[in-house]
Amino acid sequence: MDPHYVPLSVRSGARPPLPLVDEIPDRAVPLALGWLERASHELGIPWGHFVLATDFPAGLAKSGDLWYAVSQACRYDSECLLDALDFALQHHGHYGVLELPRLARDLEQLLALANVNWSVPDRAPYRLTRRVLPETLREYQAALEATDDRTGALLREAWAHGFQRDGDPQTAWRKAVAAVESGAGADRVPEEHPSDVVLVHPGP
């Protein structure tokens, strides 16, 4: 199915479009849990690590079936569900590498159709990433293609910290500045004019 599908009732103006939301809406929770269950079986996800790294309910953490424990904890907790989706995209057994791109595309389609403000990139590394305007993404990808390896690596780090679920805005800012300096070439920039690029700090 086209992830940009819009129902006829919305296109015709009979119903308002769904708002963009930061959490998994109730109607999409069963589908998100279904995706997690598929990923759990096909990727060999180490749910024990997830339980240890999160503020997991004590009673469920003692369950012998870790996938069951995770599914029950995330069923009514959207933050837990988003954490679990992000964890599943990053942690998997060796035999799951070949299946991950297909599952990542499936999750992106689910999130797009549910109008969730999180997306999954179309290439590794797969992480939950804030949804951005298509033109913004195109400009970012064009910048990556036009830079050298070091500058590109700094840009990727800046983007990751700026838009990924566990990103840090201050680190994003520092990496973006470093990318601009790297791209300009410190040895070619006069000291009195350190940069022709105007950067806007994202705030504290």
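I started with R130 and D22, whose side chains meet in a salt bridge at 2.7 Å, N to O. For the term, I noted that a salt bridge is a side-chain nitrogen of Lys or Arg within 4 Å of a carboxyl oxygen of Asp or Glu. R130 sits in strand 2 and D22 in the loop between helix 1 (8-11) and helix 2, so this pair ties together parts 108 residues apart in sequence. Helices (H or I, at least four residues) and strands (E, at least two) are DSSP runs, numbered from the N terminus.

Before going on, I wrote down the ground rules: this is a predicted model, where local features need pLDDT of at least 70 and side-chain atom pairs count only at pLDDT 80 or more, while totals for chains, interfaces and linings use all residues. Residues are numbered from 1 along each chain as its sequence is written, and side-chain values use heavy atoms, with hydrogens and water left out.

How many salt bridges does the structure hold? I found eleven. Next I looked up R102, which forms a salt bridge with E42, their closest N and O atoms being 2.4 Å apart. R102 belongs to helix 7 and E42 to helix 2, so the pair ties together parts that are 60 residues apart in sequence. E42, E99 and R102 are also linked in a network of salt bridges.

Then came R165 and D83, which form a salt bridge with the closest N and O atoms 3.0 Å apart. This pair links distant parts of the chain, with R165 in the loop between helix 9 and helix 10 and D83 in helix 6, 82 residues apart.

Are these side chains buried or exposed? My cut-offs: buried means under 20% relative accessible area, exposed over 50%, and partly exposed in between (1.4 Å probe, protein chains only). R165 counts as buried at 18% relative accessibility, whereas D83 is partly exposed at 31%. I also have R130 as partly exposed at 28%, and D22 as partly exposed at 41%.

**The core**

Here I needed another term: a nonpolar core is a set of buried Ala, Val, Leu, Ile, Met, Phe, Trp, Tyr and Cys residues joined through side-chain atoms within 4.5 Å. The largest one has 39 residues, and I24, L36 and W47 touch the most other members. Helix 2 (29-43), helix 3 (47-53), helix 5 (66-75), helix 6 (78-90) and helix 7 (100-113) each supply at least two residues of this core. Which helix gives the most? Helix 6 does, with eight residues.

I zoomed in on W47: leaving aside neighbours within four places in sequence, W47 is in contact (heavy atoms within 4.5 Å) with residues including L36, L66, W67 and F87.

**The disulfide**

I counted one disulfide, a disulfide being a pair of cysteine sulfur atoms within 2.5 Å. C74 is joined to C80, S to S 2.4 Å, and both cysteines are buried. The torsion about their S-S bond is about -55°, so the disulfide is left-handed.

**Helix 9**

Last stop was helix 9 (residues 149-163), which has 15 residues. Helix 9 reaches 21 Å from its first C-alpha to its last, close to the 21 Å expected at 1.5 Å a residue (1.5 Å times one less than its number of residues). Its buried residues include L154 and W159, and the buried residues of helix 9 pack against strand 2 (129-130), helix 8 (134-145) and helix 10 (169-184).
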